[in-house]
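Q: I'm new to reading protein models. Could you walk me through one, feature by feature?

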Amino acid sequence: MKTLLIVLASINGLMSLCSCSKQIHSHKQVMVSYHTKDDVMKQFGVPDEKREANHLTEWLYNCDTSSNLYHSKTKVGIDGTYNTVYGSLNHNTVTTDKFTPFNKYVKFTFDEQGKVVNWDSDHVNFEERKKKPGATIALVVGCVAAATLFVVSLVAVNDFSNWGY
């Protein structure tokens, strides 16, 4: 019985390592693909807040559920896969000295030429993933089969113990 439990636990552990999707680009790879103000504007649209200091310009995008960016269902892409939805929204940028502390945000810093010199984000993940439906189906079927085998083996062991074996 103990060996059977170890085998079934091992099968379940191996099956849990199967992934339902494959990472194509990490969040960092996506974020560093934006090189200019124009790239950022095409993807995210007009910033929620903007500030200028020390020859640098910073744009802040609110990614909380109350923001226009969140409601636009933005799908961030890499190198030229841009959104058109966000640019059509009626949205004004607030110029400020101190950014609002949003829970989820993306911030870009630009130099005087409009090139991205830095970016920062918190509680957002724009990684691109390729879905693998075959792996998802195999994972679900395998887990159901392993659970069924486990229950059947417990019932069988219990029945045998009642017979005195």
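Q: Which residues form one aromatic cluster here?

A: Quick background: this is a predicted model, where local features need pLDDT of at least 70, side-chain atom pairs count only at pLDDT 80 or more, and totals for chains, interfaces and linings use all residues. Residues are numbered from 1 along each chain as its sequence is written, and side-chain values use heavy atoms, with hydrogens and water left out. Now the idea: rings of Phe, Tyr and Trp (its six-membered ring) pair if their centres lie within 6.5 Å; planes under 30 degrees apart are stacked, over 60 edge-to-face, and the rest tilted. In this chain, Tyr 34, Phe 44, Trp 59, Tyr 61, Phe 108 and Phe 110 form the cluster.

Q: How many aromatic pairs does a search of the whole structure find?

A: Seven aromatic pairs turn up. Take Tyr 34 and Phe 108: their ring centres are 6.2 Å apart and the planes sit at 85°, so this pair is edge-to-face. Tyr 34 is in the loop between helix H2 (27-32) and helix H3 (37-44), while Phe 108 is in strand S5 (residues 105-110), so to speak a link between distant parts of the chain, 74 residues apart. Helices (H or I, at least four residues) and strands (E, at least two) are DSSP runs, numbered from the N terminus.

Q: Are Tyr 34 and Phe 108 buried or exposed?

A: Buried means under 20% relative accessible area, exposed over 50%, and partly exposed in between (1.4 Å probe, protein chains only). Both Tyr 34 and Phe 108 are buried. Then there's Phe 44 with Tyr 61, a tilted pair with 5.2 Å centre to centre and 35° between the planes. Phe 44 belongs to helix H3 and Tyr 61 to strand S3 (residues 56-62), 17 residues apart. Those two are buried as well.

Q: Which residues make a nonpolar surface patch?

A: A patch takes residues with over 30% relative accessible area and no salt bridge; like charges are joined within 9 Å, nonpolar side chains (Val, Leu, Ile, Met, Phe, Trp, Tyr) within 5 Å. A salt bridge is a side-chain nitrogen of Lys or Arg within 4 Å of a carboxyl oxygen of Asp or Glu. Areas come from the Shrake-Rupley method with a 1.4 Å probe; for residues, only the protein chains shown count as cover. Here, Phe 150, Val 151 and Val 155 make a patch of about 230 Å². Val 155 lies in helix H5 (residues 133-162).

Q: Why does Val 155 count as partly exposed?

A: Because its relative accessibility is 45%.
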